[in-house]
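Visitor: I would like to learn how to read the pockets of a protein model. Could you take me through them?

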Amino acid sequence: MIDNAALWGWDRFRVSDRPAVELMAETARRSLSDFGAHQSPVDAVILCATRFPSDVDGHADFIGRLLDRLGLHHAMPYGVTLNRCATLISALGLASTLVSSGRHQSILVAAGDTIGASEDRLRPFAVFSDGAASCIVSAGHGGEFQLLGTAAAVDTRMMKPNGEISANLTRRANSELFERAEVDLRNVKCVAHNNLWKPIIVMKEQQAGFRLDQLYLNNIPRIGHVFSCDPLINMIDQAQSGRVASGELLALGSSVSGARFSALLRKT
């Protein structure tokens, strides 16, 4: 890599000495508080991480401690992993399906990951930060965003360690997503993507059809790559900054080698 931090967008990264389960509990409590008691009850939780405890006793302790802290004693727990830094957006699609089918009324989706001191945070595609993010997908009304749809494109032949992400897979996912929602990609105000190195994001997202002014690059130097949490963090930051007005469209996207997961939302 060229020794130029500004070129790559590298500035700061975040380190926590707290375990991922505590970070997930903190963000989940905020989501539940914002959701409010007047909404339909949260009857399911999708937990997202690149790694969970490896044994069954550890699974019970992890889920039990987290849901007990949140007071969700009867919520159905689901676990989503394997999709690497696209895990949260893949879980958003699962939550949307479960809610629209009537299986659940409201689902808490929470993601969290940390890197141990012995592991290398600096990778060929990003610098990793510890963190967590969450949201609630509900069939009710009153949320800040309306979820218009989700989509994914996968090619397992491209799944390799540190493999290149594919603009073609993004085009395929976008085509399905925007055609189904009857929306033109050009009308999207901005896209909330992963915080990979700036040249990678600028090249790949534009090759997939997004314009440079639709990208959100501010958080690459500000917080680094928070595993699968980036799109949700970037979405909230853009909304709070006033960049996305009521009625405007916002796309979420996570690319990893061999897969692209996407979502389309309208700010209410």
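Visitor: What volume does the largest pocket have?

Guide: Rolling a probe the size of a water molecule over the atoms shows where empty space is left. Here the model is predicted, local features need pLDDT of at least 70, side-chain atom pairs count only at pLDDT 80 or more, and totals for chains, interfaces and linings use all residues. Residues are numbered from 1 along each chain as its sequence is written, and side-chain values use heavy atoms, with hydrogens and water left out. A pocket is an open set of points on a 1 Å grid over the protein atoms alone, where a 1.4 Å probe fits, with protein on both sides within 12 Å along at least five of seven lines. Grid points are joined across faces, edges and corners, and the volume is the space filled by probe spheres set on them. For the largest pocket that gives about 1600 Å³.

Visitor: Which residues are closest to the centre of the largest pocket?

Guide: Lining residues have an atom within 4 Å of a point. There are 46 of them, and Ser 31, Ser 134, Cys 135, Leu 232 and Ile 236 are the closest to the centre.

Visitor: Which element gives the largest share of that lining?

Guide: Strands (E, at least two residues) and helices (H or I, at least four) are DSSP runs, numbered from the N terminus. S4 provides the largest share, eight residues.

Visitor: What about the second largest pocket, how much space lies in it?

Guide: About 650 Å³. Its lining has 28 residues, with Arg 84, Cys 85, Phe 125, Asn 162 and Val 256 nearest the centre. H6 contributes the largest share, three residues.
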